[in-house]
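Subject: Structure for your review

Dear colleague,

Please find below the structure that I am handing over to you. I would ask you to keep it open while you read the notes that follow it.

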Amino acid sequence: MEKALLQAYAKTAVQVGIGLKKGQTLMIAAPIEAAEFARLCALEAYLAGARDVVMRWSDEQFSRIRYQHASEQALCDVKPWQLQSYLDYVKAPGGVAILNILAQDPQAFLGLDLAKIDKASAAVRRALAPWREYTMNDRVAWSIVAVPSRGWARKVFGDTADAEEKLWNAIFKVCRMDAPDPVQAWEEQTAFLARRRDQLNAMELTALHFTSQNGTDLTIGLADTARWEGAKSTTPDGQAFLANLPTEEIFTAPHKEKTEGVVYASRPYVYHGDLIEGLWLRFEKGRVVEYGAKKNQKLLCMLLDTDEGSRSLGEVALVPRQSPINQSGILFYNTLFDENAACHIALGDGYPSTVQGGTALSQEKLEQLGLNHSLVHEDIMIGTEDLRIDGIRRGEGTVAVFRDGGWAF
Ligand code: ZN
Ligand code: ZN
């Protein structure tokens with residue numbers, strides 16, 4: 001991998017992903033496999049005028065050892081400093097932003113006690129919920145980028161010496177690092193997504209009907225005052241950021257009680273370091289009432305039973321089959337990429353920004369509008385080459401939204 005490309009990638013993450021402001025503190029959460037890239041991001045942040053950079057290292061292989069040997073009680077014992085280590089920076093002079101760097105091995109926890117891991121991660125999510133409010137409500141700028149790790153690259157490209165190199169090339173390609181000016185290329189892409197978002201908002205849709213030859217026949221009723229989001233998000237003090245790099249999606253809020261029908265996943269899905277394959281869900285009044293999977297159904301069951309909101313939808317996102325990630329033909333085994341290859345739905349938490357004025361509303365008010373709430377938010381890819389989506393409009397009539405897996409307007 002070329003050093004110049006890696007530098008350009010770090011610069012894009014800091015400038016476009018975070019939209020870092022002078023005087024701001026940047027928190028970087030990075031696995032040790034991503035150390036070289038994380039350091040470059042830190043350097044870019046200082047060069048862009050960051051007040052300081054706080055590095056939070058993680059180590060998946062240590063996590064595996066810990067999940068294997070620590071008791072459930074110890075794993076669920078999340079100390080207050082862990083939450084405080086985030087909250088301490090919220091009021092830092094100039095504010096804080098967080099860059100999450102991913103390099104997960106999709107099967108890092110293969111063979112471990114998944115119920116134990118599920119309980120441990122639920123305990124961490126519960127403990128960190130007050131911090132999550134900041135990111136879910138766009139009160140701080142946040143962004144997610146990914147770099148290859150050995151385990152991940154081998155899962156994607158097989159057990160060959162050049163697997164990591166291949167994954168770097170694939171990531172650079174779909175992240176537009178081959179453009180003459182990647183920062184400019186992303187400004188253009190986000191402007192394009194913003195136009196699509198505005199067109200969808202003008203349609204005043206109340207529901208979407210998905211059909212595909214794979215058996216999908218799903219109607220998703222949207223939350224009251226649902227708004228389409230896409231491209232950049234904005235914090236209350238006007239910092240524009242790109243939560244996911246890459247991003248190809250326009251998304252909105254389903255009503256938690258208004259999804260009906262059957263949907264089949266079109267790509268495998270990674271949960272707790274293992275793969276759920278061939279999954280389908282049947283909804284009634286917004287809740288999953290029947291489901292199945294060809295592989296790891298037990299894991300799907302765990303996800304669905306997390307809490308009250310984990311059987312309902314928190315997001316529906318549109319991604320055309322022309323997406324560069326889909327065109328690459330690569331299954332990344334990583335949601336950041338795979339969700340941007342195909343239309344998807346998410347079980348669990350909804351984004352307040354996807355209802356009118358939602359980031360300023362109370363949880364109670366959001367739920368009255370139909371926005372779902374849960375400890376989890378898990379994207380499941382449902383887009384196919386023949387996907388058809390009809391939009392049901394407020395008042396009357398329908399409008400073609402997708403034909404043959406791509407935009408119909
Ligand atoms: Zn999404
Ligand atoms: Zn999502």
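One aromatic cluster is formed by Tyr9, Phe37, Trp168 and Phe172. Please note that the model is a predicted one. A search through the whole structure gives 13 aromatic pairs.

A pair of aromatic rings is described by how far apart the centres are and by the angle of the planes. The ring centres of tyrosine 67 and phenylalanine 109 are 5.0 Å apart, and the planes stand at 90°. Planes over 60 degrees apart count as edge-to-face, so this pair is edge-to-face. Where do the two partners lie in the chain? Tyrosine 67 belongs to helix 3 (residues 60-69), whereas phenylalanine 109 is in the loop between strand 3 (96-102) and helix 6 (114-127). The pair therefore ties together parts that are 42 residues apart in sequence.

Are these two residues buried or exposed? A residue counts as buried when its relative accessible area is under 20%. Tyrosine 67 has a relative accessibility of 18%, so it counts as buried. Phenylalanine 109 has 12% and therefore counts as buried too.

The second example is the aromatic pair of tyrosine 269 and tyrosine 271, which is stacked, with 6.3 Å from centre to centre and 20° between the planes. Tyrosine 269 is buried, as its relative accessible area is 1%. Tyrosine 271, at 2% relative accessibility, counts as buried as well.

Aromatic rings also have charged neighbours here. Arginine 56 lies over the face of tyrosine 86, at 3.7 Å from the ring centre.

Helix 7 supplies the largest share, with four residues. Sorted by class, the lining of the second largest pocket holds seven nonpolar, seven polar and three charged residues.

With kind regards

Definitions and conventions
Residues numbered from 1 in each chain as written. Chains lettered and ligands numbered in written order. Predicted model: local features only at pLDDT ≥ 70, side-chain atom pairs only at ≥ 80, totals over all residues. Heavy atoms only, no water. Helix = DSSP H or I, 4+ residues; strand = E, 2+ residues; numbered from the N terminus. Nonpolar A, V, L, I, M, F, W, Y, C, P; charged D, E, K, R; others polar. Phe/Tyr/Trp six-rings, centres within 6.5 Å; stacked < 30°, edge-to-face > 60°. Buried < 20%, exposed > 50% of the residue type's maximum accessible area, 1.4 Å probe, protein only. Lys NZ or Arg CZ within 6 Å of the ring centre and 35° of its normal.
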